[in-house]
Amino acid sequence: MLRPCLVAVAAILTASGCAGQGSALPGDPGSAGNGSGAAGNGPGAAGNGAAGNGPGAAGNGAAGNGSGVAGDTGTAGAGATGTAGTGGGPLVTPPKNALATPLACTSNAPGPRKLWRLTGPQFTASIRAIFNDTANAAPIATVFNDPTNLGFAIDAQALLVQELNASQLQDNAEAIAAWAASANKLTMFGNCSTLDSTCGTKFIQGFGRRAFRTTLAASDSRIATYLKLFMAGSSFSDGAQAVISAMLQSPYFLYRSEIGTGTSTFTLTPFEVATELSYLLTGSTPDDTLLAAADNVAAGSMTLTAMIDQQATRLLATSSASNATAVMGFMNGWLGLDRLYTTAHDDTILTMTKSLRDAMNTESQSLILEAFNGTGSLSSVLTADHTFLNTELATFYGLPTTGLTTAFKSVSLAGSTVREPGLLATGTIMNGYARPDTSSPTQRGHMVRSRMLCQDVNPPPPNLDTTFHPSTMPETTRDHFVNSHSTGACYSCHQYMDWIGFAFESYDGWGRHRTTENNLPINNSGTVYSDPKGASPNVTGLTGTNGLGSYLAASDDVRKCMLRYWTYFAYGSSSWSQDACTYDSIYTEASSNSFGLKASLMAIIHAKNFTQRVQDQ
Amino acid sequence: MRRFSRRQFAGSVGAGLLLAPFINLATRRPMAQAAVKQAKRVLLFCSMGTKPSLWTPTGISGETINTWSAMTKPLDAVKANIVLVEGMPTENPNNGHGASDSLTGQGFGYYGQGVIKISVDQFIAKKAAGASGRPITSLLLGANTSDSGGISQFYGGANGGNLPTIGSPLSAFNTVFGGMLPAGTSAAALLARRKSILDCVKAEANTLKGSLGSNEKAKLDVHLDSIRQLENKLNASMPAGNACMKPTTPGADSAMQYMGGLDSCAANVIHQNIIASAFACDITRVACLEYGNDQKLMVNAPGTGLPYDDQHGGFIHSGASSNFANLVKFEAYLATQFVNVINLLKGFADPEDPSKTLFDTTLLVWARDMGDADVHNQQSMRFVLASGTGGYLKTAAGGRYIKSTERHERILLNICEAMGITSYAGFGDPKLTGTAKTPLSNIAA
């Protein structure tokens with residue numbers, strides 16, 4: 001019997017604490033650890049934060065009666081929390097921020113200029129789009145092996161071309177060029193096929209427009225450079241292949257430019273903004289319509305603001321196939337939805353077929369897209385009174401299959417005794433956050449704590465025995481976790497996770513509904529300790545995922561957390577000088593539109609940081 | 001035994017120049033160590049920490065291994081070439097996941113302190129005579145080493161950033177051995193075109209740098225260094241018709257998928273072959289093969305009796321009830337793979353001295369990110385060292401077991417010494433001095 005342990009979650013927690021270590025460059029300045037120490041009933045002494053397992057030192061915190069005060073800004077990284085004063089009850093370590101504390105907005109400054117290397121998926125999608133390779137025939141190599149930070153492999157500081165990447169890029173570019181020639185793709189660019197400077201220039205401008213995501217004017221010095229390569233070829237095809245190979249290795253292709261023009265504040269060019277828009281909303285290079293709109297802005301016949309709204313509206317049209325990319329690229333990373341496919345399960349108990357996993361994926365994606373394509377918000381996803389089922393999935397859940405087929409349709413959950421409303425009750429979440437043989441309140445609770453409340457928990461201290469000891473008597477998973485984690489050093493961290501995760505206990509590790517476990521009744525009441533608001537220390541009485549989902553749906557902290565993670569996904573930076581300016585403007589606009597998912601994304605696009613930058617350090 | 005013609009390679013200092021402004025390197029050249037039998041190549045075989053009590057051989061007298069543990073039993077097949085070392089703490093013995101100590105000797109606290117964090121493989125690649133002049137200065141391979149936010153153990157570059165591995169076997173093969181020569185193109189013409197293109201790319205990168213602040217410029221500097229490495233490889237390209245034997249071209253990644261991702265174990269078997277052939281063709285002298293990262297390795301190992309599961313979450317923390325049964329099985333699997341690599345190297349002649357095998361002139365090191373991966377600490381780091389006949393290691397017929405409480409960095413210095421490096425300035429903990437900053441005695445033959 002597989003017995004993976006809570007310490008597996010510790011590994012997850014440690015991953016959170018190791019953020020920022022994947023880059024070859026100095027990381028962004030970190031924030032101080034929360035220096036607040038929890039005091040007991042008596043006055044406590046000021047706590048000094050010590051350097052934690054990460055760069056930088058925490059600020060000084062003072063503990064005393066009631067809540068401690070946050071420390072001063074530290075130099076880098078996240079330090080350990082300060083120790084509480086003496087007296088009073090046992091030390092309990094409140095959760096710390098999963099993301100760096102925003103840096104104060106003093107002059108409404110945008111973020112820094114930067115180059116942002118294409119992610120692996122963007123690299124592949126761009127090449128396919130450039131050649132209109134709808135058959136996925138181009139032999140695109142796997143070049144990049146990028147680190148994951150905060151759930152995403154998009155951090156602009158960590159995406160580099162390093163070590164053997166240049167060699168891999170060369171091999172890839174040559175293979176793509178040869179394929180393009182053999183697949184008769186060359187005349188797409190320039191509509192000519194002769195080895196002369198006129199045709200060469202047309203080819204370079206045509207291919208360059210798609211590869212470099214800009215118009216290459218006749219006066220652009222790059223034309224002459226690439227023409228030299230072209231004319232050195234033995235034929236049009238040979239010369240064109242040389243140009244393709246060169247451009248696919250060029251930094252103008254590999255990096256998204258967010259440099260702009262100006263002096264103290266830099267305005268991104270129309271093509272740079274078009275590139276931002278395209279990769280954020282489609283995950284790929286700008287199409288001809290978007291590039292043409294950028295041309296119009298460059299020519300003065302359209303404003304940048306008008307281009308943004310016009311093109312965003314087009315790309316986010318309800319019927320747009322790329323909407324799945326626009327929102328699921330973020331949601332999958334934020335909530336770890338793709339864990340559905342990678343979390344191991346004990347096949348001797350229940351075999352999770354690919355078909356079943358695909359069905360669960362379709363269900364959760366449909367819920368999210370329905371909200372996104374309408375005016376729905378995260379709240380509506382968390383409390384949806386219906387879901388999307390086909391026969392296979394309904395059978396798995398124990399729901400009626402009347403009227404269902406292999407295709408998915410919306411099904412009301414009103415009156416159901418085996419499924420609660422909202423995303424949290426879906427198989428995607430239940431399977432993704434589970435042990436191979438049973439549910440995991442710790443994993444599920446940690447997901448809510450870190451991803452939705454933007455708080456995290458320290459990894460287990462060294463040398464603590466975290467070996468999971470299986471039950472020695474018939475008991476529910478909840479009782480086992482309570483008995484294991486409600487005392488000693490474990491409780492100080494596990495209270496922030498397990499007691500949230502108990503709200504999921506009406507579902508086993510595969511998402512099947514249950515009212516008993518080992519012939520004992522299920523208790524699905526949950527508690528959120530140390531609610532971020534601090535207005536009340538704990539949020540109790542959350543019954544099932546319905547209760548938990550309703551609490552999270554109404555929480556402004558959850559909205560802010562989602563926007564914060566989405567901003568990171570959109571800009572590729574988790575912290576920069578005066579980033580509070582950006583977060584505040586996004587929140588304000590999203591709030592005015594009831595935090596609709598599409599409106600939230602538009603708020604990110606409307607932020608000053610989308611079109612303006614300051615010089616980087 | 002295969003024979004290969006000797007080739008001359010141009011030396012390279014490109015990568016070292018990038019580091020020059022930042023690294024406090026000793027300027028004196030490494031001195032010859034006539035008493036030490038040097039290796040020409042080093043291969044790091046890297047995996048997660050383990051459960052120490054189940055790893056240590058169960059029958060030891062002095063340094064002699066009488067009875068292997070179930071985890072290490074497969075090493076019995078090559079025991080005459082094996083030295084086990086354990087008990088050595090890092091500078092930060094309480095460090096756990098994601099700590100960089102294992103191959104660098106430097107933990108978390110060295111960021112921003114003007115001290116460079118560089119892993120031993122990179123230090124050797126840049127400093128060892130003969131290593132830096134190869135077409136590829138270091139070959140880092142290993143599937144799925146970025147999974148779950150985990151990071152690889154390799155560090156390098158101007159600011160000690162973590163280095164990724166090449167996960168795709170096909171990509172690794174093409175990177176090492178190059179793709180097919182296009183029809184109608186001579187090798188010379190292809191080389192000329194490639195150099196022209198790289199000149200163009202470098203010029204564009206330098207143009208872009210002009211607009212950027214130092215932080216963003218540094219990204220392009222890393223890119224330019226990558227191009228320099230490629231140029232070195234091109235300058236040392238094998239002429240057409242060379243007798244160097246490439247392994248079979250791997251299939252596309254799509255052909256070795258399991259549960260939605262690249263099958264790590266299957267991919268790493270191919271990487272073993274690529275490394276062995278890369279050594280045989282003298283394309284590189286520093287190679288690393290990594291099994292997973294500090295967080296995760298999804299294991300699909302048919303025939304071992306292991307379920308599909310994560311090594312760390314599933315096997316290491318499998319719980320006392322099974323006495324870590326699955327971890328023991330997987331460790332035995334890894335040990336079998338280590339022996340497999342040894343056997344692959346035994347099958348190739350040293351390209352410079354056909355009377356010896358590659359194994360005779362290579363030092364293999366099995367290193368880990370943690371000591372005890374169950375409770376997460378680095379109090380007792382452990383290594384498996386292997387070398388062939390006349391190699392660097394002092395060996396014994398039944399294998400040797402060394403228990404030492406010296407700092408683990410000393411073994412990293414042994415690895416450097418094996419590759420002819422005796423000046424360790426710029427590597428490891430700068431606070432270590434005197435004897436503590438020397439290779440561990442009683443390791444070298």
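**Close-up views**

**View 1. S404(B) at 9% relative accessibility.** With that value, S404(B) counts as buried (under 20% relative accessible area; exposed is over 50%, partly exposed is in between; 1.4 Å probe, protein chains only). You'll find S404(B) in the loop between strand 15 (400-403) and helix 11 (409-418) of chain B; helices (H or I, at least four residues) and strands (E, at least two) are DSSP runs, numbered from the N terminus. Setting aside neighbours within four places in sequence, S404(B) is in contact (heavy atoms within 4.5 Å) with E86(B), G87(B), M88(B) and L440(B).

A quick note on bookkeeping: residues are numbered from 1 along each chain as its sequence is written, while chains are lettered from A and ligands numbered from 1 in the order in which they are written. This is a predicted model, where local features need pLDDT of at least 70, side-chain atom pairs count only at pLDDT 80 or more, and totals for chains, interfaces and linings use all residues; side-chain values use heavy atoms, with hydrogens and water left out.

**View 2. L304(A) and its surroundings.** L304(A) sits in helix 10 (residues 304-315) of chain A. This leucine is buried, at a relative accessible area of 17%. If residues up to four places away in sequence are ignored, L304(A) touches L268(A), P270(A), V273(A), V297(A) and T611(A). For a sense of scale, take L229(A), which is 75 residues from L304(A) along the chain: the two C-alpha atoms are separated by 35 Å.

**View 3. A three-stranded open sheet in chain A.** The strands run in the order 6-7-15, with antiparallel pairing; strands pair if DSSP finds at least two bridges between them. Strand 6 (261-262) and strand 15 (612-614) are the edge strands, each pairing on one side only. Between strand 7 (residues 265-267) and strand 15 of chain A there are three bridges, in the antiparallel sense. One detail to pick out is T267(A), whose bridge partner in strand 15 is Q612(A).

**View 4. Strands 4 and 5 of chain A.** Strand 4 pairs with strand 5 (residues 255-258) of chain A through four bridges, again in the antiparallel sense. Look at W116(A) here: its bridge partner in strand 5 is R256(A). In a regular strand the side chains alternate between the two faces of the sheet. Along strand 4 (residues 114-117), K114(A) and W116(A) point one way, L115(A) and R117(A) point the other way, and all are buried.

**View 5. An aromatic pair in chain A, F152(A) with F569(A).** Across all chains, the structure holds 35 aromatic pairs (Phe, Tyr or six-membered Trp rings with centres within 6.5 Å; planes under 30 degrees apart are stacked, over 60 edge-to-face, the rest tilted). F152(A) and F569(A) make a tilted one, with 5.3 Å from centre to centre and 45° between the planes. The pair joins distant parts of the chain: F152(A) is in the loop between helix 2 (120-130) and helix 3 (165-182) of chain A, F569(A) is in helix 22 (residues 556-571), and they are 417 residues apart. Both F152(A) and F569(A) are buried.

**View 6. F45(B) and F338(B), a ring pair in chain B.** These two rings are edge-to-face, because their planes stand at 80° with centres 5.3 Å apart. F45(B) belongs to strand 1 (residues 41-47) of chain B and F338(B) to helix 10 (residues 325-346) of chain B, so the pair ties together parts 293 residues apart in sequence. Both ends are buried: F45(B) has a relative accessible area of 1%, and F338(B) has 0%.

**View 7. A cluster of rings in chain A.** Ring pairs connect F131(A), W179(A), F189(A), F203(A), F207(A), F230(A) and F236(A) into a cluster.

View 8. Skipping neighbours within four places in sequence, M331(A) is in contact with G336(A), L337(A), I368(A), M562(A) and L597(A).

**View 9. Where chains A and B meet.** On the chain B side, 79 residues are in contact with 76 residues of chain A.
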